[in-house]
Amino acid sequence: MIKLSEIISFMEERFPPSYAEDYDNIGLLAGRGGREVSKVLLCLDCDKFVVDEAVREGAQLIISHHPVIFGGIKSVTDGSPDGEMLLSAIENGISIYSAHTNLDSCPGGLSDYLCSRLELTPTGPIEGSAGRICTPREGLRLLELCSKIKAELGIETVCTTARMNRPVKCVAVCNGSGGELWQAARAKGADVYITGDVKHHMARELYLCEGLEFISVSHYDSEKIVTELLFDSLKERFGSGLEAVISKADQSPLIEV
């Protein structure tokens with residue numbers, strides 16, 4: 001058994017809270033720091049299905065990327081899905097810890113991990129500490145990059161404004177919802193921008209923007225590999241002393257039909 005406080009100390013060393021955006025809500029969001037943990041369930045989003053899975057798995061801790069408590073909360077009751085989820089976790093002795101924008105932006109965090117999976121070499125952030133400006137391998141073309149994204153994220157399609165045979169010189173990457181950074185990405189020389197949650201009016205702007213193409217994937221698909229990063233990080237630190245399991249119940253709220 002490992003103290004939850006030890007796991008928290010490691011998480012804050014590996015993904016420093018100082019990298020979190022001001023609006024974020026990270027850290028231990030439910031549970032007691034002094035309790036002991038032998039099994040942790042890893043997910044992008046924690047909901048009632050994930051908590052039920054943690055109960056079945058005998059996990060004492062859930063680590064989620066997206067915070068389970070984000071906006072203002074005035075009550076925890078079974079009158080709402082989030083309240084029911086939190087009650088179930090607490091009643092079953094399951095703690096919940098969330099690492100969000102700090103995990104995205106810190107060195108070796110999700111932004112860098114996504115770039116490494118796509119075989120892109122980061123040279124710096126897009127803005128502040130968010131996103132990455134990257135150098136691709138020589139001779140890379142748009143069609144190859146789109147194929148690489150689909151293969152690494154396990155998805156069938158991406159959305160793009162790009163000309164498939166266009167050579168790629170500089171790539172900006174922002175997992176999650178990063179559409180608002182496109183101008184900063186362009187100012188830093190990016191000719192391709194990979195991100196999620198691109199709204200229609202923004203897609204029109206990007207479509208008409210000379211010199212910058214974009215590739216859009218869903219928010220969920222651009223971040224679901226966070227569980228693999230967490231799994232590898234915890235195994236490297238705690239080895240067999242802590243059993244880490246990637247959630248199977250954590251699914252995108254949207255499906256293609």
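Predicted model: local features only at pLDDT ≥ 70, side-chain atom pairs only at ≥ 80, totals over all residues.

**Exercise 1.** Find the buried residues of helix 1 and work out how they are arranged around the helix.

*Solution.* Start with the list: helix 1 covers residues 4-14, and its buried residues are Leu-4, Ile-7, Ile-8, Phe-10 and Met-11. Now look down the helix axis: these buried residues fall within an arc of 160°, so they line one face of helix 1. Finally, check what covers them: strand 2, strand 6 and helix 10 are among the elements that do.

**Exercise 2.** Work out which way strand 6 runs relative to strand 2 and to strand 5.

*Solution.* Take strand 2 to begin with: three bridges join it to strand 6, and the two run antiparallel. Here Gly-27 stands opposite Ser-98. Next comes strand 5, which four bridges join to strand 6, this time in parallel. In this pairing, Leu-61 sits opposite Ser-95.

**Exercise 3.** Classify the two aromatic pairs.

*Solution.* Planes over 60 degrees apart count as edge-to-face. For Phe-10 and Phe-238, the ring centres are 5.6 Å apart and the planes meet at 80°, so this pair is edge-to-face. Phe-10 belongs to helix 1 and Phe-238 to helix 10, 228 residues apart. Both Phe-10 and Phe-238 are buried. Now try Tyr-23 and Phe-70: with centres 6.2 Å apart and planes at 75°, the pair is edge-to-face. Tyr-23 counts as exposed at 52% relative accessibility, while Phe-70 is partly exposed at 43%.

Terms used. Residues numbered from 1 in each chain as written. Heavy atoms only, no water. Buried < 20%, exposed > 50% of the residue type's maximum accessible area, 1.4 Å probe, protein only. Arc of directions from axis to C-beta. Contact = heavy atoms within 4.5 Å. Pairing = 2+ DSSP bridges. Phe/Tyr/Trp six-rings, centres within 6.5 Å; stacked < 30°, edge-to-face > 60°.
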